[in-house]
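Colleague: I would like to learn how to read this model, feature by feature. Can we go through it together?

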Amino acid sequence: MSLADAASSRKERLLALRKRKGSPIYSRDQPRPKVLKGRNFDPETRTLRKRDPVDGLEDTVERNVEGVAEQIIAEDVERRQQELDLLNIAPKRPNWDLKREMQRKLAKLDRKTAEAIHTLIRQRIIAQKGDENDLVGALNAHEKGREVENESDDDE
């Protein structure tokens, strides 16, 4: 069924419905008569009321929100100017992000530095004592320290 056929069948059904209801059928050529409704009729003068455009807009939403749009736009422009102030954008300390990034790397280096200092101190103490048994233990500790360093380098 084409669109033209569907439209014509719908028109026929609407005409049949109007006939069943008893309402008059108007064509496009015939003008429809004016219908008087209660809101347009003035009982004192027995005529139609003339509508005053100002009276019709008293309690409408448009009248209630008339200046709100301009007010919101002005507030938005003001807020954007405050946000774009360069003093508000710039950090208090220019290198705070560099310090934050470097703290992770420095923490690893501080740990390795402390281990190296402990190893050197142990070696000096053992060298001052001169005991061979302690010297062997110190060398074993030094080798274990190197293994730990190698493992931590692999983790990076």
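Colleague: Start with one residue. In which loop is valine 65 found?

Modeller: First, the ground rules. This is a predicted model, with residues numbered from 1 along each chain as its sequence is written. Local features need pLDDT of at least 70, side-chain atom pairs count only at pLDDT 80 or more, totals for chains, interfaces and linings use all residues, and side-chain values use heavy atoms, with hydrogens and water left out. Now the elements: helices (H or I, at least four residues) and strands (E, at least two) are DSSP runs, numbered from the N terminus. Valine 65 is in the loop between α3 (61-64) and α4 (68-83).

Colleague: What is the pattern of the protein along the sequence?

Modeller: The pattern reads α-β-β-α-α-α-α-α-α. That comes to seven helices and two strands.

Colleague: Is valine 65 buried, partly exposed or exposed, and why?

Modeller: Buried means under 20% relative accessible area, exposed over 50%, and partly exposed in between (1.4 Å probe, protein chains only). Valine 65 has a relative accessible area of 43%, so it is partly exposed. Across the protein, 4% of the 156 residues count as buried.

Colleague: Which residues make the nonpolar surface patch?

Modeller: Patches are made of residues with over 30% relative accessible area and no salt bridge; like charges are joined within 9 Å, nonpolar side chains (Val, Leu, Ile, Met, Phe, Trp, Tyr) within 5 Å. Here Val61, Val65, Val68 and Ile72 make a nonpolar patch of about 330 Å². Areas come from the Shrake-Rupley method with a 1.4 Å probe; for residues, only the protein chains shown count as cover. The accessible surface of the protein is about 15200 Å², and 53% of that belongs to carbon and sulfur atoms.

Colleague: Next, charges. How many salt bridges does a search of the whole structure find?

Modeller: A salt bridge is a side-chain nitrogen of Lys or Arg within 4 Å of a carboxyl oxygen of Asp or Glu. The search finds four. One of them joins arginine 80 and aspartate 76, at 3.4 Å from N to O. Both residues lie in helix α4, four residues apart, about one turn of the helix. Arginine 80 is exposed at 51%, while aspartate 76 is partly exposed at 28%. Asp76, Arg79 and Arg80 are linked in a network of salt bridges.

Colleague: What does glutamate 101 form a salt bridge with?

Modeller: With arginine 100, the closest N and O atoms being 3.3 Å apart. The side chain of glutamate 101 also meets arginine 104 in a salt bridge, at 3.8 Å. Glutamate 101 and arginine 104 are separated by about one helical turn because they are three residues apart in helix α6 (residues 96-129). Glutamate 101 is partly exposed at 39%, as is arginine 100 at 40%. Arginine 104 counts as exposed, at 56%.

Colleague: Last, contacts. What share join residues at least 24 apart?

Modeller: Contact means heavy atoms within 4.5 Å. Among contacts between residues at least 6 apart in sequence, 20% join residues at least 24 apart.
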